[in-house]
Amino acid sequence: MAGYNEWDNAYLAQGRLWGGSPALPPLPVQSRILELGCGNGRTTVALSEKAGSLIALDFSLQACRLARKHAGAGERTDILAADARAIPLAAASV
């Protein structure tokens, strides 16, 4: 798919392309969130603090590395390098 290399190169050269922290509404305590196109983790950080569990996905491996660095990954947050057109999750899991 066109675009993979361009995004990887941009994230590799510039690091965090987007900054700041988005304002999010309250989420149910046990919410399970799927974030498509997590980029460098700008929204991922905010979601990981509010969601019961979070799966963040981006097709850029460099973006996922930055998201892991800034948002962390652990018991409640998974960050995956994958294409949103072929989400590697079981149907109805989120």
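1. Asp83 is buried, at 16% relative accessible area (buried means under 20% relative accessible area, exposed over 50%, partly exposed in between, with a 1.4 Å probe and protein chains only). Arg85 is exposed, at 66% relative accessibility. Asp83 and Arg85 form a salt bridge, with 2.8 Å between the closest N and O atoms. A search of the whole structure finds one salt bridge (a side-chain nitrogen of Lys or Arg within 4 Å of a carboxyl oxygen of Asp or Glu).

2. A word on the basis: this is a predicted model, where local features need pLDDT of at least 70 and side-chain atom pairs count only at pLDDT 80 or more, while totals for chains, interfaces and linings use all residues. Residues are numbered from 1 along each chain as its sequence is written, and side-chain values use heavy atoms, leaving out hydrogens and water.

3. Now the sheet: three strands form an open sheet in the order E1-E2-E3, with parallel pairing (strands are DSSP runs of E, at least two residues, and helices runs of H or I, at least four, numbered from the N terminus; two strands pair if DSSP finds at least two bridges between them). E1 and E3 are the edge strands, each pairing on one side only. E1 and E2 are joined in the parallel sense by five bridges, and Ile33 has Leu54 in E2 as its bridge partner.

4. Next, helix H2, which spans residues 42-50 and has Thr44, Ala46, Leu47 and Ser48 buried. Among the elements covering the buried residues of H2 are strand E1 (32-36) and helix H3 (61-71) (contact means heavy atoms within 4.5 Å).
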